[in-house]
Amino acid sequence: PEGKGDSMVTVAGAEGALRGLLASVRRLGLLAGLTIAGVLLFYGACTARVDPNEWGVEQVRFGFKTGVKDRAFTPGLYFVPLGTTMHPFPREIHVLEASFDRAESLGKAKTEDVREGVERYFQRRDKVLGKATHRVIEAFNVQTSDGYAVTCDVTLLYSIADPVRIAKDFGWGSLYVDSFAVNTFRNGVLQTIGKMNAEAFYNEELRIAAVKDAEATLRARFAERGFKVETLLLRNYVYAENYEKALQEKKVA
């Protein structure tokens, strides 16, 4: 019949239009997805963020002029060309401890539960301070001018002043701690505080003067390599047993 044929033509036309519309939507969705993926890829490959507690140093890996750029980037979002990497360096104060706190605390623990509590405390403390900017090494065994040994608990606070210089000299990450900071810290303290005799540690004026001398030595050596020494602290010291015994005998006599 006449009416039925018109209906079939109308339905077929509507289905064709719907298929065309769906194809257009799919193309538009694919195009939008590719655009978003391209933008995200560009953003990830060609931008770098320097956090508020960091310096940024650029390294050019490919091209005519490769190497470290002579510019330290402050916090912000930066465009970096392909083949260039932005390396972060911490801006905050570094804590370098030559300490016997942990060993002394464990030695005083009477039970296993207390020892476990001590270990948890120091693990939590290390986590809070951060591994990149906090390092603990063994306390210094200072040989005094009169031949006795004094174990010193010493802390150095320092920061990065010239991240470009440090990147060129020591590379990326925290390599500068092991390759420079620890050894320079140890040698500077032993060479200066070791000039005192053992009894001088009891004399506040002489002890403070020796620490200031060590701090000045370290400040000069660290500044030469792009660091800034904030302060040096002699927190504690323990005499060797033979000196304690000799001192008691002297007092008795």
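This report covers the nonpolar cores and salt bridges of a predicted model.

Local features need pLDDT of at least 70 and side-chain atom pairs count only at pLDDT 80 or more, while totals for chains, interfaces and linings use all residues. Residues are numbered from 1 along each chain as its sequence is written, and side-chain values use heavy atoms, without hydrogens and water.

A nonpolar core is a set of buried Ala, Val, Leu, Ile, Met, Phe, Trp, Tyr and Cys residues joined through side-chain atoms within 4.5 Å; buried means under 20% relative accessible area, exposed over 50%, and partly exposed in between (1.4 Å probe, protein chains only). The largest such core has 40 residues, and Phe185 and Phe222 are among those that touch the most other members. Helix α5 supplies the largest share, 8 residues; helices (H or I, at least four residues) and strands (E, at least two) are DSSP runs numbered from the N terminus. Another core, of 6 residues, lies apart and includes Val50 and Tyr78.

The structure has 12 salt bridges, each a side-chain nitrogen of Lys or Arg within 4 Å of a carboxyl oxygen of Asp or Glu.

| Pair | N–O distance |
|---|---|
| Lys69, Glu58 | 3.1 Å |
| Arg225, Asp169 | 3.6 Å |
| Glu215, Arg219 | 3.3 Å |

Lys69 in strand β3 and Glu58 in strand β2 are 11 residues apart. Lys69 is partly exposed at 35%, whereas Glu58 is buried at 4%. Glu215 and Arg219 both lie in helix α6, 4 residues apart. Here Glu215 is buried at 8% and Arg219 partly exposed at 34%.
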